[in-house]
Amino acid sequence: MSQPENTTTQATALTNHDHQPIHIPGSIQPHGVLLALSTQLEILQVSNNTQAYLGKEPEDLLGKPLSYLLADQQIETVKQCVVKEIGRPNAFKVSINTLHRERYFDAIAHRTEEAVILELEPTDSKSEVSFLGFHALASEAIAKMQRTSNLIEFLHVVAEEVQKIIGFDRVMVYQFDQSEAGSVVSEVKREDLSPYLGLHYPATDIPAQARELYTRCFLRFLPDLTAEPVELVPPENPTTHQHLDLSYSVLRSFDWCCAEYHQNMGVKALLVISLIQEQKLWGLISCHHQTPKYISYEVQKMCEFLGQIVCSELVHKISYSEWDYKVKLKSLQSDFLESISQADNFIDALIKPEIRLLDLVSASGAAVCLNNEITLVGATPNIHEVQALIEWADTQVSDNLFFTDSLPKLYPEALIFKDTASGLLLLRISKVRRYYILWFRPEVIQTVNWAGNPNESIQAQTDGSLTLSPRKSFEQWQETVRLTSLPWETCELESAIALNNAIVGIVLSKADELAKINLELERSNRELASFAYAASHDLKEPLRGIYNFSTVLLEDYAQVLDDEGIECLQTVVSLSVRMETLINALLRLSQLGQAQLREQATDLNELVTQVIEVFRASRQDSGLVNIRIPRPLPTVQCDRVLVNEVFSNLLGNAFKYNDKAEQWVEIGYLSQEEAGGAGSREQGAGSREQEAGSREQGAGSREQGAREKNFPLFPPHPAPLPLLHAQSPIFYIRDNGIGIPQHHLETIFRLFKRLHSQEKYGGGAGAGLAIVKKIVELHNGQIWVESTVGVGSIFYFTLE
């Protein structure tokens with residue numbers, strides 16, 4: 001449960017109490033004596049009450065060896081502390097002769113960084129409680145605690161058994177939440193006292209220093225909160241010139257704030273037992289008495305022992321209470337992850353059926369974000385609100401897992417959709433890509449009962465600073481908490497983490513499978529290329545024999561063959577020529593598959609000029625050819641020979657598949673910026689500026705220029721535009737040919753794919769565009785086409 005927002009804010013600004021060194025108060029409680037010793041057991045400091053307990057003034061003890069007070073056997077017990085861990089106590093009985101009589105004490109010795117501390121608490125008996133006696137007192141309490149399985153029942157039994165042992169008026173079990181505020185979850189009290197069960201206390205009631213000491217010292221006993229503290233003599237350690245560290249001291253005095261706080265509750269004696277879980281302070285057993293009350297050190301140790309039993313049992317009770325829910329989540333997890341690992345579509349596997357993704361963390365809605373694709377499930381903010389939330393998370397959230405039960409307090413824009421997303425659990429699947437899963441919970445308006453108004457503990461000073469002062473009233477004070485959802489449970493967070501780990505594992509597994517497939521494909525492609533080369537090369541020899549022998553038969557034996565035989569032989573010759581064309585194409589393609597590029601800086605103006613010259617030389621009707629180049633072409637890094645083949649093939653096809661009386665082709669390029677907005681640059685090409693920019697290679701008459709007024713120098717935006725390298729120019733070859741039907745645009749780059757019969761448009765093997773595509777891909781480029789039947793085609797390609 002969250003504490004009030006204003007209390008939380010103010011608590012962070014406290015300047016006085018949370019910074020005071022309460023572990024070095026320079027004094028002790030008056031119900032015992034303290035001696036600070038050197039490692040050689042020389043008395044360096046004493047509490048200023050030695051006369052009352054030992055019959056000796058402090059000055060009589062300072063500088064003396066410990067043997068001045070204790071017997072040799074007792075001194076040996078103290079020496080054992082020197083080699084123990086800091087704070088680990090040795091407890092034993094001692095007797096000391098004073099002027100009037102022999103007195104008995106419970107002695108507790110431990111060491112600090114700079115001294116050995118010996119504390120003496122008076123007792124009526126010089127004999128220690130036997131193990132059997134201790135067992136008789138504690139065994140019944142332990143047995144009752146172990147018989148309960150329900151957490152709340154268990155904590156009630158704990159309170160009852162501690163109350164039986166120490167006889168205090170009130171015993172409470174106090175549990176901390178994630179914000180370090182706390183609440184009373186179990187209580188046993190005197191009938192006439194007001195109940196505290198269910199009340200909440202702000203984190204400021206137990207400052208950070210006090211909580212830290214509770215994690216180190218499992219028991220704190222203050223028998224009389226009205227008693228005056230006893231100063232140490234001298235105030236500082238004469239060796240270190242520092243105040244004595246009393247962190248582990250059982251007699252360490254209390255500060256005024258603690259005393260006033262509890263006295264305002266009507267408490268005069270206090271016993272606190274720490275409950276530790278996973279090295280953190282889970283809660284406290286807090287025992288109150290309305291009058292001063294002393295209990296022996298042995299009973300204190302019994303309470304500490306019971307506290308340790310409670311801690312060990314607490315693990316099982318908490319686990320048992322959460323077990324059913326965890327089992328449900330684990331089962332759901334297992335089924336969910338199995339379906340994801342086997343699915344072809346990742347998003348479908350996550351969201352179908354949708355309740356499965358929500359149940360994984362008990363959410364009411366979720367959003368799956370894979371880059372810019374967002375899928376919403378259940379009750380969620382709208383798509384634009386989720387997009388804005390992800391933008392915020394990109395800059396504000398660094399961890400892979402983020403959660404809050406009060407999103408509007410961190411992200412004010414969430415006020416708009418608090419009814420669906422006051423709580424957020426965000427899982428970042430990838431830091432490289434924007435892959436997120438977000439779970440949402442709605443606002444749940446809660447009423448919190450506080451032990452008094454927690455804001456009264458914070459007081460503003462004249463200088464503007466905030467100080468902590470004990471509040472006067474602990475009567476129930478109610479607060480309505482808004483803009484919060486139900487908190488996310490630890491097991492739900494673990495479920496989200498498990499999902500993330502599984503997704504990463506599945507992705508890695510898929511990547512490994514894909515890598516193996518790619519290796520196998522590469523090997524197969526190499527073998528296929530080698531086979532194609534060998535097969536096409538070896539087939540040419542028998543094919544040549546068929547052609548030669550058929551020709552010989554036609555030339556030398558035509559007179560003995562009838563017309564049908566001669567026609568058959570002519571067909572064999574024609575087919576062998578066709579076969580050789582196909583084999584040559586296959587051979588060329590296989591050579592490209594094994595080729596290594598010889599890239600060099602190539603001026604495409606020179607290269608295209610050579611292509612055009614060869615083209616004209618090979619055509620008898622070259623006088624009718626009109627080839628335009630609107631502006632100089634760039635210089636690029638490429639394999640000059642192969643790129644020559646690209647332009648030759650595309651230029652040849654442009655004129656080959658053209659039935660117009662006036663044929664033309666334009667060779668040019670677009671930059672990436674022009675490609676993005678080329679449509680806005682489409683203007684008539686009849687203007688003088690554009691006509692002057694063209695490099696007409698064919699007839700340049702006025703009449704022809706007029707005929708071409710509707711032919712733009714820059715083609716329209718290439719659509720669809722593939723994902724291209726940012727610096728790559730887009731080359732194009734445009735014609736006014738017959739065009740290509742829309743349903744054939746995806747197949748024309750296949751090997752031996754022809755759209756017309758051999759008799760039309762000069763025949764051919766149908767391999768030219770497949771070879772062009774292969775060369776472009778060898779340059780890490782792409783090629784695509786736009787075309788309109790009867791109007792013409794534009795072939796685009798890049799060379800990266």
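Buried means under 20% relative accessible area, exposed over 50%, and partly exposed in between, using a 1.4 Å probe and protein chains only. Keep that in mind as you click through this predicted model, where local features need pLDDT of at least 70, side-chain atom pairs count only at pLDDT 80 or more, and totals for chains, interfaces and linings use all residues. Residues are numbered from 1 along each chain as its sequence is written, and side-chain values use heavy atoms, leaving out hydrogens and water.

Select Trp 392 to start. At 16% relative accessibility, Trp 392 counts as buried. (Rings of Phe, Tyr and Trp, the latter by its six-membered ring, pair if their centres lie within 6.5 Å; planes under 30 degrees apart are stacked, over 60 edge-to-face, and the rest tilted.) Trp 392 belongs to helix α12 (residues 383–396) and Phe 402 to strand β16 (residues 401–404), so the pair ties together parts 10 residues apart in sequence. Helices (H or I, at least four residues) and strands (E, at least two) are DSSP runs, numbered from the N terminus. The whole structure holds 10 aromatic pairs.

Next, select Phe 647, Tyr 669, Phe 731 and Phe 797, which form one aromatic cluster.

Last stop: Arg 170 lies over the face of Tyr 196, at 3.9 Å from the ring centre.

How values were computed:
A charge sits over a ring if NZ of Lys or CZ of Arg is within 6 Å of the ring centre and within 35 degrees of the ring normal.
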